[in-house]
Amino acid sequence: MNKACLVAIASMLWATGCADDEKQAVPYIDNCQLINGSVKWNFDGASYCADANIIAGYAIGLTVNGITQTGITFTMEIDSLTPGSYIISQDNNNIVYTDQTGFAWTTMDNNAGTITITSHDTILNKVEGNFSCMVKSPILGITKQITNGSMKVTYVE
């Protein structure tokens, strides 16, 4: 191979290899979207999502457990998967939330929230819905609100 060919190849590699790398967009990655779905919510003014693990199992009802990379856990027990709106309370469609400090927060009967099942695919075992509710820390004796909750999960039976 002669010197002119080497210069031509090097010039083409330099022209295509360097300039385009700086202009390429980095693809958006949603850290909240895991392989079997997503669970998102707001608590005490901050947004959270299950970005470490989601487990969803259906037996008598649906249990969805989401875990964040910072150790927060979010567990919902949903009594009915038929699309519609339902009460969230201690006895119906309850939620247990454990914050970063290890305090547990639970739904209450006297201050119910709502969950809306927007779709349920019984063939693919997928359910979607939105929720909001008040939760209380029995140890701290205070209540806080969970808002803008959403779930899109695939469950096992």
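Helices (DSSP runs of H or I, at least four residues) and strands (DSSP runs of E, at least two residues) are numbered from the N terminus, and by this naming Ser80 has its place in the loop between β5 (73-78) and β6 (84-88). The structure is a predicted model, in which local features need pLDDT of at least 70 and side-chain atom pairs count only at pLDDT 80 or more, while totals for chains, interfaces and linings use all residues. Residues are numbered from 1 along each chain as its sequence is written, and side-chain values use heavy atoms, with hydrogens and water left out.

**Ser80 and its surroundings**

- Ser80 has a relative accessible area of 22% and is therefore partly exposed, given that buried means under 20% relative accessible area, exposed means over 50%, and partly exposed lies in between (1.4 Å probe, protein chains only).
- Leaving aside neighbours within four places in sequence, Ser80 is in contact with Tyr86, Asn93 and Ile117, where contact means heavy atoms within 4.5 Å.
- Although Ser80 and Ile117 are 37 residues apart in sequence, their C-alpha atoms are 8.5 Å apart in space.
- The side chain of Ser80 makes a polar contact with the side chain of Tyr86 at 3.3 Å, and it also reaches the backbone nitrogen of Thr82 at 3.3 Å.
- A polar contact is a pair of N or O atoms within 3.5 Å; within protein, one must be able to donate a hydrogen and the other to accept it, and residues adjacent in sequence count only if both atoms are side-chain atoms.

**The largest nonpolar core**

- A nonpolar core is a set of buried Ala, Val, Leu, Ile, Met, Phe, Trp, Tyr and Cys residues joined through side-chain atoms within 4.5 Å.
- The largest such core has 27 residues, of which Phe131, Ile146 and Met151 touch the most other members, and its largest share, 4 residues, comes from β10.
- Not counting residues up to four places away in sequence, Ile146 touches several residues, including Trp41, Phe74, Phe131 and Cys133.

**The disulfide**

- Cys32 and Cys49 form a disulfide with their sulfur atoms 2.1 Å apart, the rule being a pair of cysteine sulfur atoms within 2.5 Å.
- The torsion about the S-S bond of Cys32 and Cys49 is about -80°, so this disulfide is left-handed.
- Because Cys32 lies in the loop between α2 (19-23) and β1 while Cys49 lies in strand β2, the pair ties together parts that are 17 residues apart in sequence.
- Both Cys32 and Cys49 are buried.
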